[in-house]
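Hi,

Here is the structure I promised to pass on.

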Amino acid sequence: MSWDERSLANLDFPKIREQLAAETAFAPARELALNLMPSADFDQVQAALEVTREAMRLLDIRPGLDVGDAVDIRPSIDRADRGGVLDPAALLDVVRTLTAGRRIRDELASRAAAFRRLWAIAAGIHRLEALQREIEQAIGPQGEVRDDASPLLSRLRAQRREVQDQITRALQAIIESPLGRQVVQEPVITVRNGRFVIPVRADQRGAIQGLIQDVSARGATVFLEPLAVVELNNLYRELGLEEERETQRVLRRLSGRVARLATALGENVARLAEIELALAKARYARSLRATVPALVRWEDARSRPELPSPHPYLKLVGARHPLLTGRVVPIDIRLGGQFIALVITGPNTGGKTVTLKTVGLLALMAQAGLAIPVGPGSCLPVFDGIYADIGDEQSIEQSLSTFSSHLTNIIGFLRRATDRSLILLDELGAGTDPTEGAALARAILDHLVRRRVSTIVTSHAHALKVYAQVTPGVENASVEFDPETLAPTYRLAIGIPGRSNAFAIAHRLGLDPAILDEARKHLTEGEVETDRLLSALQAEKGRLEELRGQVESELRRLKEQEAALEAERRALEAARTEILAEVRRQAEAEIDRLLSEAAPTVDPAERQRRLWALRHRVRGVGRGESLATDRLRPGDVVRVPGFFQPGRILELDADKALVAVGPLRVQAARSQLIPAQPAASRESPVELVTIPRTPPPAEVQLRGLTADEALRRLEAYLDDAYLAGLSTVRVVHGRGTGTLRRVVREFLGQHPLVAGFRPAEEFAGGEGVTVVELARRPGVPARH
């Protein structure tokens with residue numbers, strides 16, 4: 001789609017592009033910035049904003065990252081593609097750009113998972129290492145064609161150096177000869193017209209036979225080519241011409257390679273420009289302290305055709321105009337929900353027009369993939385057009401008045417706008433008779449509301465305030481003004497129409513009170529009552545804001561207190577865990593000592609079984625997970641995190657439990673429950689070996705558990721069964737694939753409390769059940 005260029009200019013979007021372009025360091029990226037346009041496609045806008053978000057995160061990790069020494073090589077690519085020969089400097093620019101491209105590509109390849117969209121751009125950069133090697137082998141870092149650029153060039157330069165040495169030796173011999181010392185002006189060898197010569201005094205030019213190649217400015221010196229070196233000079237020049245031809249052939253060959261890879265090189269430039277533009281957007285966002293807003297789909301914003309819609313689809317929290325400097329007062333503004341049109345009223349210079357521009361410009365920026373200066377919770381839809389009529393646009397060329405010019409713009413907007421467009425109208429209805437202007441403004445606004453076009457207008461018209469107050473889908477808003485200081489506060493209050501404050505300002509500036517009283521007499525009774533109600537509304541709003549501030553302060557205090565209590569609880573829990581660990585360690589040491597000192601009459605196998613059971617019970621002290629939670633049953637007393645009072649389990653399954661804590665019914669994860677005894681009957685943890693309060697059942701269910709879970713539950717069950725004096729128990733593991741059965745039986749075969757085991761009878765479960773014979777506990781009658 002084509003965007004309305006006049007609206008873009010009215011909203012200062014070209015200035016944003018200029019500021020963005022200033023953040024680029026690569027000419028093609030600068031061009032992209034200067035030509036940046038918003039998109040009306042939701043997916044494109046979302047993708048562009050995600051690229052910007054990734055670039056902002058990348059700069060947080062790699063500050064200062066850019067495309068480095070990349071050069072705009074497009075003219076060189078085009079010249080080579082048309083058959084031209086590139087000079088060494090242009091070829092080195094190609095090398096620098098290839099190096100920059102590979103560096104960026106490798107940087108993003110190492111972070112591809114975290115920067116998926118940026119990597120999708122960089123992945124298309126061609127490495128072209130063979131081309132770079134070929135250029136670097138032929139062209140030196142200072143732009144000279146290397147001797148070994150070709151075998152012929154190497155040979156020609158070697159021959160030329162040899163000839164030059166011969167010439168130098170011959171001329172040096174002449175200079176150092178007796179005759180030379182008499183006629184040579186200065187003992188140096190120089191070059192004139194591409195030939196080696198010596199400076200001879202003009203009055204001695206005939207003393208040495210040769211050709212004069214040049215004369216000094218004063219005529220005192222002639223530059224003589226002695227006959228002895230004429231042939232050598234001729235040979236030197238011929239070799240030089242051949243060298244130049246071979247150099248051009250090398251450059252032509254390299255230029256041909258560039259031409260054959262013109263498409264790939266052009267893609268590299270384009271992708272480097274995209275990445276640099278993304279980084280420039282991130283740098284610009286940092287300078288504005290901007291964030292990436294959430295996008296709202298129109299389908300979600302208007303899930304039903306009538307108003308109110310579920311939520312505001314445009315919500316800007318703490319929005320700041322990006323071009324304003326100094327102390328900028330942020331505004332909160334929204335559209336959608338209860339209303340789709342907003343009428344902003346209030347005194348001049350109060351910020352009405354700035355509010356219009358802020359909304360329009362931030363929407364354009366977001367749809368161009370730019371972060372915007374707003375706070376968390378901000379969201380925007382993707383408008384299919386943004387139309388702004390702002391400022392005095394009187395046209396002398398077209399003989400249009402200000403009113404006619406504005407109306408012409410508005411007529412164009414009405415023709416093009418849809419229910420997914422945004423229209424911003426400054427001083428709607430102004431510039432003509434106030435009564436007729438207000439009526440026309442109301443009719444235009446009513447037309448836009450019926451078509452469900454998102455609209456924000458500014459006005460001074462009293463009729464529009466009343467219209468907004470009584471019309472569904474339209475809302476009043478005002479910019480606040482301090483009549484004591486005659487200064488605007490620049491804050492926007494939605495829901496309250498604005499006052500002109502003309503009388504307050506006149507009184508403050510010293511207008512005769514009698515004149516003011518006379519002026520008030522000319523107001524209608526309705527206007528007086530409206531002004532009184534507006535004053536009361538503003539006073540009430542101030543009181544509510546003060547109360548809100550107090551509530552927010554109290555909420556912050558409570559949150560801080562909650563955080564402090566949570567930190568204290570965590571510290572106590574850590575200390576408890578550490579103490580319990582130390583208790584367990586000391587208890588195990590004491591068990592080892594007692595068992596080692598036991599009477600020799602104690603059966604060794606029985607002593608080992610006791611050791612196993614005691615150690616297992618000690619390790620379970622204080623734990624709220626694993627073995628302890630495996631033993632939980634309905635009716636058990638437990639502690640629930642976040643509650644000081646213990647509770648009793650009402651219902652229990654594999655993952656969750658319903659616990660009665662006083663009068664409350666709390667659902668908690670089973671793994672979070674900490675076994676506890678009621679306060680009145682809590683027993684000392686010193687008694688480590690006790691028979692369970694309730695005898696364990698004669699079988700344990702392991703079906704549906706993992707191997708680790710099954711073994712933990714089985715180990716706890718065997719301890720309880722042994723301590724309760726059970727002689728035979730059933731372990732139900734199911735048939736399944738047989739894996740759990742095998743793991744269980746291997747565990748039973750090594751357990752010191754197990755005397756033996758066998759599969760159950762077929763009618764009693766067969767291979768899905770293992771019957772376990774437990775070792776006899778001395779002094780405890782066997783139970784079945």
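A helix here is a DSSP run (H or I) of at least four residues, and helices are numbered from the N terminus. By that count, Leu558 belongs to helix α20, which covers residues 525-596. With a relative accessible area of 39%, Leu558 is partly exposed.

Before you read on, keep in mind that this is a predicted model. The mean pLDDT of the protein chain is 85, and 84% of its residues get to 70 or more. Over residues 394-399 the pLDDT stays under 50, and the model gives them five contacts beyond four places in sequence. The pLDDT is also below 50 over residues 678-693, a stretch with 20 contacts beyond near neighbours in sequence.

Now the overall picture. The protein chain has 784 residues, 42% of which count as buried, and it contains 24 helices and 23 strands. Its accessible surface is about 40,800 Å², with 52% of that belonging to carbon and sulfur atoms. Among contacts with a separation of 6 or more, 67% are between residues 24 or more positions apart.

On to the inside. The largest nonpolar core has 60 residues, and Leu316, Met365, Ile386 and Ile456 have the most contacts inside it. Helix α14 (residues 352-367) gives the most to this core, with eight residues. Apart from this core lies another one, of 51 residues, including Val51, Ala55, Ile125 and Leu265. What does Met365 touch once its neighbours within four places in sequence are left aside? The contacts of Met365 are Phe13, Ile16, Tyr284, Leu288, Pro322, Leu370, Ala371 and Ile372.

Most residues other than glycine have a negative phi. Asp12, though not a glycine, has a positive phi of about 65°, and Arg289, also not a glycine, has one of about 55°. Both sit in loops: Asp12 between α1 (5-10) and α2 (13-21), Arg289 between α12 (262-288) and β5 (294-296). Is each one buried or exposed? Asp12 is buried, because its relative accessible area is 12% and buried means under 20%. Arg289 is exposed, at 59%.

A couple of buried spots are also worth a click. Ser255 is in helix α11 (residues 230-260) and counts as buried at 2% relative accessibility. Leaving out residues up to four places away in sequence, Ser255 touches Ala80, Gly84, Val85 and Leu86. Gly647 is in strand β16 (residues 647-652) and is buried too, with a relative accessible area of 4%. Gly647 and Val637 are ten residues apart along the chain, with 5.6 Å between their C-alpha atoms. Besides Val637, the contacts of Gly647 outside four places in sequence include Asp636, Val638, Val659, Ala660 and Val661.

Next, the charges. The structure holds 34 salt bridges. Here are three of them:

- Asp72 and Arg74 meet through their side chains at 2.8 Å, N to O. Asp72 is partly exposed at 25%, and Arg74 is partly exposed at 33%.
- Arg249 and Glu246 pair up with their closest N and O atoms 2.7 Å apart. Both are in helix α11, three residues apart, or about one turn of the helix. Glu246 is buried, with a relative accessible area of 5%, whereas Arg249 is partly exposed, with 40%.
- Glu762 and Arg735 have their closest N and O atoms 3.0 Å apart. This pair links distant parts of the chain, 27 residues apart: Glu762 is in the loop between β22 (754-759) and β23 (769-774), and Arg735 is in the loop between β21 (728-732) and α24 (739-750). Glu762 counts as exposed at 58% relative accessibility, while Arg735 is partly exposed at 44%.

There is also a network of salt bridges that links Asp147, Arg157, Arg160, Arg161 and Glu243. How far is Glu243 from Arg155 in space, C-alpha to C-alpha? The distance is 9.3 Å, although Arg155 and Glu243 are 88 residues apart in sequence. Arg155 is found in helix α9 (residues 151-176) and is partly exposed, with a relative accessible area of 46%.

Cheers

Terms used. Residues numbered from 1 in each chain as written. Predicted model: local features only at pLDDT ≥ 70, side-chain atom pairs only at ≥ 80, totals over all residues. Heavy atoms only, no water. Helix = DSSP H or I, 4+ residues; strand = E, 2+ residues; numbered from the N terminus. Buried < 20%, exposed > 50% of the residue type's maximum accessible area, 1.4 Å probe, protein only. Core = buried A, V, L, I, M, F, W, Y, C linked by side-chain atoms within 4.5 Å. Contact = heavy atoms within 4.5 Å. Areas by Shrake-Rupley, 256 points an atom, 1.4 Å probe, with all protein chains shown as cover. pLDDT = per-residue confidence, 0-100. Salt bridge = Lys/Arg side-chain N within 4 Å of Asp/Glu carboxyl O.
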